[in-house]
Amino acid sequence: MDGFVRLWGAATLPGSRGRGAYRAVLAERLRIGAEPGATTALVKGRVSTSAPILARAGFTHYGDERSYALRIP
């Protein structure tokens, strides 16, 4: 264990948003990550949906990752 828990790949269905599901899953994932000794959590979150929740949970924004799509005929 390197002291980090990496929380990639969580989502909440649009119909369930605004009801605390993401926050509950985040809390459980952090708890599970802390069991083997993680002291730092890294996340990738969408600015429009996850960022406000992550900020309220105490995460600090350190950078952005951009994704692009290329359509190939």
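Visitor: Leaving aside its neighbours within four places in sequence, which residues is Ser-50 in contact with?

Guide: Ser-50 is in contact with Tyr-22 and Gly-45. Bear in mind that this is a predicted model.

Visitor: Where is Ser-50 found, and is Ser-50 buried or exposed?

Guide: Look for the loop between β2 and α2. Ser-50 has 9% relative accessibility. The cut-off for buried is under 20%, so Ser-50 counts as buried.

Visitor: How should I read a nonpolar core? Which residues make up the largest one?

Guide: Start with the general idea. Nonpolar side chains tend to be buried together in soluble globular proteins. Here the largest nonpolar core has eight residues: Val-5, Leu-7, Tyr-22, Leu-26, Ala-38, Ala-41, Ile-53 and Leu-54. Two or more residues come from each of β1 (4–7), α1 (21–34) and α2 (51–56).

Visitor: Take Leu-7. What is Leu-7 in contact with, leaving aside neighbours within four places in sequence?

Guide: Leu-7 is in contact with Leu-26 and Ala-41, among others. Its contacts also include Arg-29, Leu-30 and Lys-44.

Visitor: What does the lining of the largest pocket have, by class?

Guide: There are 18 nonpolar, 13 polar and 10 charged residues in that lining.

Visitor: On to salt bridges. How many does a search of the whole structure find?

Guide: Four. Begin in helix α1, where Glu-28 and Arg-31 lie three residues apart, about one turn of the helix. Their closest N and O atoms are 2.6 Å apart. Arg-31 also meets Glu-35, at 2.5 Å, N to O.

Visitor: What do the side chains of Lys-44 and Glu-65 meet in?

Guide: A salt bridge, 3.3 Å from N to O. Lys-44 lies in the loop between β2 and α2, and Glu-65 in the segment after α2, so the pair ties together parts 21 residues apart in sequence. Lys-44 is partly exposed at 44% relative accessibility, while Glu-65 is exposed at 58%.

Conventions
Residues numbered from 1 in each chain as written. Predicted model: local features only at pLDDT ≥ 70, side-chain atom pairs only at ≥ 80, totals over all residues. Heavy atoms only, no water. Core = buried A, V, L, I, M, F, W, Y, C linked by side-chain atoms within 4.5 Å. Buried < 20%, exposed > 50% of the residue type's maximum accessible area, 1.4 Å probe, protein only. Helix = DSSP H or I, 4+ residues; strand = E, 2+ residues; numbered from the N terminus. Contact = heavy atoms within 4.5 Å. Nonpolar A, V, L, I, M, F, W, Y, C, P; charged D, E, K, R; others polar.
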